[in-house]
Amino acid sequence: MGPARTHWSDHAHRELSRAGHRAGGAREEVLSLLARQDCCLSAQEIHDKLRGRGRSVGLASVYRALEVLAQLKLVHRIDVDGTACFEPADPSGDHHHHAICDRCGKMDAFEDPELERLIDGVGERLGYVVGGHDIVLRGACPDCADR
Ligand SMILES: [Zn+2]
Ligand SMILES: [Zn+2]
Ligand SMILES: [Zn+2]
């Protein structure tokens with residue numbers, strides 16, 4: 001993974017200790033796994049991946065760790081087919097959005113500077129200080145739409 005994610009990991013450690021959370025344990029395992037992800041994972045997927053690496057972290061601990069990371073805005077939470085999924089939230093505000101296929105569950109990530117500009121404009125028009133936004137495209141992916 002590139003320098004951006006090392007940055008995220010350092011940032012996350014700083015924010016956690018500032019909020020009075022001790023390092024180590026399940027949270028550390030979840031954090032180092034997420035730091036190597038390009039896109040989002042559910043708690044169950046994180047649990048399974050840690051298992052696969054011989055880490056014995058309980059699913060409940062994974063949920064608790066994600067809850068803390070989400071509270072500190074260190075991860076983005078995305079609802080994928082009713083399941084909460086999480087990915088690192090870059091401190092610079094850089095982010096991407098997702099398109100999800102209702103039929104096969106495929107997910108694509110996309111970035112669109114024009115879309116971001118439009119959303120900023122809407123926030124200004126409403127007089128809101130916007131801290132974030134959620135955008136998910138749902139439907140049929142190219143493979144499924146063909147059928
Ligand atoms: Zn993603
Ligand atoms: Zn599909
Ligand atoms: Zn955006």
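Strands are DSSP runs of E with at least two residues, helices are DSSP runs of H or I with at least four residues, and both are numbered from the N terminus. The model is predicted, so local features need pLDDT of at least 70 and side-chain atom pairs count only at pLDDT 80 or more, while totals for chains, interfaces and linings use all residues. Residues are numbered from 1 along each chain as its sequence is written, chains are lettered from A and ligands numbered from 1 in the order in which they are written, and side-chain values use heavy atoms, with hydrogens and water left out.

**View 1. Strands β5, β4 and β6 form an open sheet.** The strand order is β5-β4-β6, and the pairing is mixed. Two strands pair if DSSP finds at least two bridges between them. Strand β4 (residues 97-101) and β6 run parallel and are joined by four bridges. In β6, Val136 stands opposite His98.

**View 2. Strands β1, β3 and β2 form a second open sheet.** The order is β1-β3-β2, with antiparallel pairing. At the edges stand β1 (41-42) and β2 (75-80); each has a single partner strand, so one side of each is left without a neighbour in the sheet. Six bridges pair β2 with strand β3 (residues 83-88) in the antiparallel sense. Cys85 in β3 is the bridge partner of Ile78.

**View 3. Four cysteines coordinate the zinc ion (ligand 2).** The donor atoms are the SG atoms of Cys101, Cys104, Cys141 and Cys144, at 2.3 to 2.4 Å. Donors are N, O and S atoms within 2.8 Å of the metal (3.2 Å for Na, K and Ca); water is not among the atoms, so sites may look incomplete. The site of the zinc ion (ligand 2) is tetrahedral, with angles of 105 to 115° among its four donor atoms; four donors count as tetrahedral if all angles lie between 85 and 135 degrees. The spacing of the donor residues in sequence is C-x2-C-x36-C-x2-C. Cys101 is buried, at a relative accessible area of 4%, whereas Cys104 is partly exposed, at 47% relative accessibility. Buried means under 20% relative accessible area, exposed over 50%, and partly exposed in between (1.4 Å probe, protein chains only).

**View 4. Histidine and glutamate residues supply the protein donors of the zinc ion (ligand 3).** His95 (NE2), His97 (NE2), Glu116 (OE), Glu116 (OE) and His133 (NE2) lie 2.0 to 2.5 Å from the zinc ion (ligand 3). In sequence the donor residues follow the spacing H-x1-H-x18-E-x16-H. Glu116 in helix α5 (residues 113-126) and His133 in the loop between α5 and β6 (136-139) are 17 residues apart, and the pair links distant parts of the chain. Glu116 counts as buried, at 17% relative accessibility. His133, at 25% relative accessibility, counts as partly exposed.

**View 5. Helix α2 (residues 25-34) has its buried residues on the same side.** These residues are Arg27, Val30, Leu31, Leu33 and Leu34. They cover an arc of only 165° around the axis, which puts them on the same side of α2. The arc is that of the directions from the helix axis to the C-beta atoms.

**View 6. His11 lies in helix α1 (residues 3-18).** His11 is buried, with 16% relative accessible area. Leaving aside neighbours within four places in sequence, Leu74 and Pro91 are in contact with His11. Contact means heavy atoms within 4.5 Å.

Notes. Four donors count as tetrahedral if all angles lie between 85 and 135 degrees; four count as square planar and six as octahedral if opposite donors are over 155 degrees apart and all others between 65 and 115; anything else is irregular.
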